[in-house]
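Dear colleague,

I am handing over a structure that I have been going through, and below it you will find my notes on two of its regions. Please read them with the structure open beside you.

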Amino acid sequence: MSPEGQRRLRLRFAKAGKIRFTSHRDVARMWERALRRSGLPVAYSQGFVPHPLVSFGLALPTGCESRGEYLDVRLAAPRPDETPVAGLPAALSVLLPDGIEVQAAALVEEAEGSLQQEVASCDWELEVFGVPDEELAERVGTVLAAPSLVVRRERKGRQTDDDIRPAILALSVTGSQGHLRAELATQPRGVRPADLIRALGTDVVPGRACRTHQWIERDGARFEPLPMGGPGTGANATHHARRAFPHVRDGNQPDPRGSGPGAPDPRRSGPGGADPGSPGSGGRFAEQHLGERPLAEHQGGAGH
Amino acid sequence: MQTLWPRVERLLQGVSKPARYIGGEQGSLQPVHGPGRVAWLLVYPDTYEIGLPNQGLQILYEILNERPDALAERAYAPWVDMEAAMREADVPLFSVEQHVPAAAFDVLAFNLSAELVYTNVLNLVDLAGIPLHAADRGGADTLVIAGGHCAFNPEPLADFVDAFVLGDGEEVVGELTEVMGEWLASAEPAARDRAALRAALARLEGVYVPALYTPRYEDGRLVGTEPAPGAPPEVVKRTISDLGDWPYPAHPLVPLTEVVHDRLNVEVFRGCTRGCRFCQAGMITRPVRERPAAQVRDMVRRGLEWSGHDEVALTSLSSADFSGIEETVRDIVDDPEHDGRVSVSLPSLRVDAFTVGTAAEIQKVRRTGLTFAPEGGTWRMRTVINKLITEEDLYGAVESAFSQGWRRVKLYFLIGLPTELDEDVLGIAHLGARCVEIGRRYQKSVTVVASVGGFVPKAHTPFQWFGMDSAAELERKVALLRAEAKGTRGLTIRWHDPSASVAEGLASRGDRRMGAVIERVWRAGGTFQEWSERFDLTLWEEALAAEGLSLEEVCHRERAEDEALPWDHISAGLHRDFLWGDWQDALARVSVEDCRWTPCYDCGACTGFGLEHVVASAVPPAGGSQGTGQDLANGGRVPVQLVSRVS
């Protein structure tokens with residue numbers, strides 16, 4: 001099915017700070033634009049309205065942060081000037097908005113299932129208010145002891161009553177005030193942090209929520225779709241990662257002529273138009289444009 | 001500089017589409033506030049997703065932030081749920097970039113693109129914590145200004161706005177910054193003299209300070225507007241002579257969340273000389289000033305590279321009229337940089353087969369729908385409004401579209417036009433039915449949508465004297481049209497709420513007394529009136545009655561030649577006798593041709609500013625009549641002197 005030379009690139013990224021208020025669809029659009037700007041040879045679908053072959057993992061609820069989000073990108077045959085996979089986290093992070101940071105990149109086997117099918121559970125760190133810690137620990141005990149937990153929630157615009165207890169694989173207070181750690185199953189129906197917190201009592205007020213890991217289970221082993229410190233992170237743990245995560249293989253090694261400081265920088269874009277005498281080119285930009293900042297969440301704090 | 005972010009952040013978990021309030025767009029800036037820099041807050045008084053793409057606001061944002069003595073941030077109207085949360089938590093209006101409270105800015109500058117947002121303007125001034133009425137503001141209070149097309153009748157907002165800016169803003173924002181900078185440095189906040197500021201602002205060309213003008217009424221009717229000593233009797237709009245000097249926005253804002261028009265926009269020209277008599281934009285933005293084609297190509301290439309968009313719209317009032325449009329479009333589509341994946345859209349297509357041919361070339365993939373705007377249902381009607389599209393032009397365009405693979409055609413019409421007869425309204429259904437018939441020759445299933453809006457006569461157009469139809473009359477005409485179209489499979493009639501057109505008439509045609517009406521509607525909870533689920537005509541009717549005014553007096557009554565109009569002291573450069581003459585021509589069904597290719601009608605727009613129409617080519621565009629019925633068969637002879645950019 002996959003045409004000659006096509007590759008499957010898996011990317012892992014974090015979403016933190018203000019940008020957590022964007023939706024899953026918003027993040028998909030950010031990726032499409034960043035991939036177009038990156039110059040990567042993304043493969044397109046055939047047909048009337050060709051679209052880039054990008055598939056996203058489990059949706060992250062709007063308002064939640066994450067240290068482990070994923071997407072798979074189908075790439076056409078390598079280009080000579082293509083950024084090496086190990087360089088992609090840095091190269092793509094600068095093309096993405098503040099708060100989205102690419103943590104790892106690797107080519108994965110075609111035989112791998114899709115992210116949506118493969119991921120069985122997610123770890124969460126949840127912040128809650130409104131109930132003292134001892135009380136919270138008691139409620140957690142009650143939830144874990146309950147044989148079933150029916151929660152009324154909205155699904156595709158309709159109210160449904162679902163038993164979420166089977167999907168709560170682990171739940172504990174962490175020791176730091178008002179913080180919980182949970183592992184929630186994604187199959188057959190996922191449980192959102194908001195559903196879980198509601199099950200703890202209506203007086204429990206949700207604070208920040210962060211997805212820390214997504215887990216694939218196979219043959220009794222549990223591993224992440226793409227680990228931190230893997231081949232694409234540039235760390236020296238490649239060998240170990242490959243052993244522990246057999247679906248990850250090395251990136252291609254394109255012709256080094258195209259990379260390095262002389263390579264075209266897709267984000268370089270100075271002010272001003274064609275006219276050298278225009279105020280645009282002669283003017284001064286007071287501050288750097290946000291899109292050129294590789295760092296996450298560093299502005300808008302307590303002021304300058 | 002204080003930021004409200006920690007307090008805003010707490011509200012966002014519970015509101016719809018919270019990404020509207022976080023800023024962080026690519027291209028947005030984090031300017032440093034401090035003495036010596038005049039802080040502007042550019043406000044679009046509608047939701048973020050509608051306001052963010054606004055090109056005027058983005059242009060001024062860049063120009064101001066390039067100045068060493070200015071800085072600019074942006075704000076949009078928070079949606080109803082967010083506003084309630086903000087008021088509950090005592091959080092004022094804030095900028096999206098750094099969440100700085102609006103009242104901490106020196107200038108609050110509103111973009112007025114539509115009249116139904118006026119109640120939002122009041123709401124935002126109030127939400128900012130700035131005194132609502134200009135008369136109540138002192139030396140420490142933020143200056144509230146407004147610009148945009150609606151500023152050409154500023155009177156309905158005159159009580160709330162310190163100064164209006166008329167016409168192109170590129171140059172005048174710098175002059176305003178200088179005046180503000182001097183005033184801010186003149187004394188401690190409480191000791192600053194607001195009257196001195198008003199006088200200084202009124203000395204700027206194109207700046208209208210309503211407090212310096214007094215309307216006079218006799219027997220409940222406006223009879224004139226008198227300037228204070230020293231204030232100009234007439235305030236004339238600003239016009240930049242060369243769009244090529246202003247290649248903005250150079251760093252278009254790329255939003256993090258979904259907005260309308262999520263694509264790159266490049267303005268190819270300003271102004272229009274088609275002379276459609278109903279069109280305020282076409283009248284108040286004259287003369288035509290084209291951007292050099294090379295600069296258009298450059299802005300497209302840089303903009304796509306910068307933004308990662310895969311669609312670019314070439315914007316103007318009639319983009320197919322841009323000289324050399326075909327070459328420009330082809331260059332963009334064929335640019336190897338774009339890998340064949342960039343589509344170009346021309347938001348305003350001219351109605352002729354020739355144009356559709358160009359469209360076919362550029363929309364190789366997404367051939368879903370095409371839109372044309374014949375505006376009137378019969379040739380008689382179209383000669384009155386000077387939209388000179390023949391039936392042959394329209395059918396040729398539609399045939400061309402259906403035969404080349406399009407399956408949906410949308411047609412825009414107005415109803416409630418001057419001299420309109422029922423047969424003109426029914427003509428809309430007949431045109432639509434004929435278009436469906438043509439489509440069936442090429443495709444099994446075709447859709448023709450006729451979208452019908454109620455006409456609102458606007459200031460500074462030849463129709464400014466016309467009394468608009470009542471909501472009941474517009475509704476009758478819609479019903480008539482729907483009944484006529486009922487039997488035609490494939491033809492869909494869509495219409496705008498007639499009562500919303502009437503409210504738009506109040507806000508766009510009223511004199512200064514309309515301010516109290518708008519304030520009442522706002523106090524009764526009438527924000528977001530351009531949103532159908534929020535619009536309520538009864539709020540407007542009750543407010544009118546309470547102020548002793550009537551719909552009949554403001555909207556439905558035809559004005560006489562010698563009657564004082566609320567905007568008589570405002571000038572878009574058009575001679576009043578030109579407009580009156582064109583109104584009389586309309587009533588006599590005399591049409592005028594595009595003045596780029598005929599002798600000058602002396603409307604005043606060129607001569608008044610010492611300009612000519614600036615076009616990229618001195619040769620009339622190829623393609624025959626251009627859908628205007630104008631005869632260009634005489635060898636493309638150009639009777640007026642044109643400034644050419646192409647050697």
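Strand β1 (residues 38–44) of chain B is largely enclosed by the rest of the structure, because seven of its seven residues are buried; a residue is called buried if 20 or more other C-beta atoms, placed from the backbone, lie within 10 Å of its own, exposed if 12 or fewer do, and partly exposed in between. Helices (H or I, at least four residues) and strands (E, at least two) are DSSP runs, numbered from the N terminus.

Please keep in mind that this is a predicted model, in which local features need pLDDT of at least 70 and side-chain atom pairs count only at pLDDT 80 or more, while totals for chains, interfaces and linings use all residues. Residues are numbered from 1 along each chain as its sequence is written, and chains are lettered from A and ligands numbered from 1 in the order in which they are written.

To return to β1(B), B:Val38, B:Trp40, B:Leu42 and B:Tyr44 point one way from the strand, whereas B:Ala39, B:Leu41 and B:Val43 point the other way, and all are buried. Two strands are said to pair if DSSP finds at least two bridges between them. Seven bridges join β1(B) to strand β2 (residues 70–76) of chain B, and the two run parallel; in this pairing, B:Ala39 has B:Leu71 as its bridge partner. β1(B) also pairs in the parallel sense with strand β3 (residues 107–111) of chain B, over four bridges, and there B:Trp40 stands opposite B:Val107.

Which strand holds B:Gly454? B:Gly454 lies in strand β17 (residues 447–454) of chain B, and B:Gly454 counts as buried because it has 27 C-beta neighbours inside 10 Å. Leaving aside neighbours within four places in sequence, the residues in contact with B:Gly454 include B:Ile415, B:Asp469 and B:His496, where contact means that the C-beta atoms, placed from the backbone, lie within 7 Å.

With best wishes

How values were computed
Contact = placed C-beta atoms within 7 Å.
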